Amino acid sequence: MKSLFKLALFFGLTVSVTSCSDTKSPNYQFFPNMYESVGYETYAESEAFNGKNQLKGQTAQEPPQGSIKRGFEIYEYENSTAGYELAKANLMSPIDSITEKEAVKGKELYGIYCAICHGEQGNGKGKLVEREKFLGVPSYADRVITEGSVYHVITYGLNSMGSHANQLSQQERWLVTDYVLQLKSKL
């Protein structure tokens, strides 16, 4: 009887000790902020940010002046007529040779973003023009365009066309530019 009692006590003690453990988190956290970061509300008051050039006491801070996001390359031509003319005359593609895979991607991106207005052949007869949603979309045959002018227009937009800089990366804009020049040569 005593051995049965000891066995039941041992079994009960083992179950109670193991049932309280959590294998998904460590038992002891010496520096809990390293495991569970402090979450700040965006516009909440905070003592963490009290520098000279920052918004005092607010968690939402402006990025430092002159900072750019990782992987971003600065486009040096301004969004003006003079910038357009400079880009048209001087800007050249940084891509030395476009592979077959990149050419296919350029065609695909043109079909997604440009063909709806400019048409599959670049003749200015896209679906929106046919349905008279936009008028005056030019054919590439009617315009004197260069690599620089096409890239500049994709980046900043022109007339009714808006900027596509948020939809296309710089590499993708150059691929679309190459495809537009291929279409122009066929017209």
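This is a predicted model: local features need pLDDT of at least 70, side-chain atom pairs count only at pLDDT 80 or more; totals for chains, interfaces and linings use all residues.
**Reading a helical model**

Biologist: How many helices and strands does the protein have?

Modeller: Helices (H or I, at least four residues) and strands (E, at least two) are DSSP runs, numbered from the N terminus. By that rule the protein has eight helices and zero strands, and of its 187 residues 26% count as buried.

Biologist: What span should helix H4 have?

Modeller: The expected span of a helix is 1.5 Å times one less than its number of residues. For the 14 residues of helix H4 (residues 100-113) this gives 20 Å, and the end C-alpha atoms are 20 Å apart, which agrees. H8, with 17 residues, reaches 25 Å from its first C-alpha to its last, close to the 24 Å expected.

Biologist: Which residues of H4 are buried?

Modeller: The general idea is that an α-helix has 3.6 residues a turn, so residues three or four places apart point the same way. In H4, Gly106, Leu109 and Tyr110 are the buried residues. Seen down the axis of H4, they fall within an arc of 105 degrees (the arc of the directions from the helix axis to the C-beta atoms), so they line one face of the helix. The face turned away from that buried side carries the exposed residues Glu100 and Lys101.

Biologist: Which residues are buried in helix H3?

Modeller: In H3 (residues 81-90), the buried residues are Gly83, Tyr84 and Ala87, and because they fall within an arc of 100 degrees when seen down the axis of H3, they line one face of that helix. Thr81 and Ala89 are exposed on the face of H3 turned away from its buried side. The buried residues of H3 pack against helix H7 (147-156), where a contact means heavy atoms within 4.5 Å.

Biologist: What do the buried residues of H4 pack against?

Modeller: They pack against helix H5 (115-118) and helix H8 (170-186). To compare two helices one uses their axes, lines fitted to C-alpha atoms over the stretch in contact, with angles running from 0 to 180 degrees between N-to-C directions. Angles under 35 degrees count as roughly parallel, over 145 as roughly antiparallel, 65 to 115 as roughly perpendicular and the rest as oblique. The axes of H4 and H8 come within 8 Å and cross at roughly 85 degrees, and the two helices are therefore roughly perpendicular to each other. Among the residues that meet there are Leu109 and Tyr110 in H4, and Leu175 and Tyr179 in H8. The buried residues of H8 pack against H7 as well as H4.

Biologist: How many salt bridges are there?

Modeller: Side chains of opposite charge can pair when their charged atoms come close. The rule asks for a side-chain nitrogen of Lys or Arg within 4 Å of a carboxyl oxygen of Asp or Glu, and by this rule the count comes to one salt bridge. Glu172 forms it with Lys105, the closest N and O atoms being 3.5 Å apart. The pair links distant parts of the chain, since Glu172 in helix H8 and Lys105 in helix H4 are 67 residues apart. Glu172 is buried, with a relative accessible area of 16%, whereas Lys105 is partly exposed at 38%.

Biologist: What does Tyr113 touch?

Modeller: Tyr113, found in helix H4, touches His164, Gln167 and Leu168, not counting residues up to four places away in sequence. At 29% relative accessibility, Tyr113 counts as partly exposed.

Technical notes. Residues are numbered from 1 along each chain as its sequence is written. Side-chain values use heavy atoms; hydrogens and water are left out. Buried means under 20% relative accessible area, exposed over 50%, partly exposed in between (1.4 Å probe, protein chains only).
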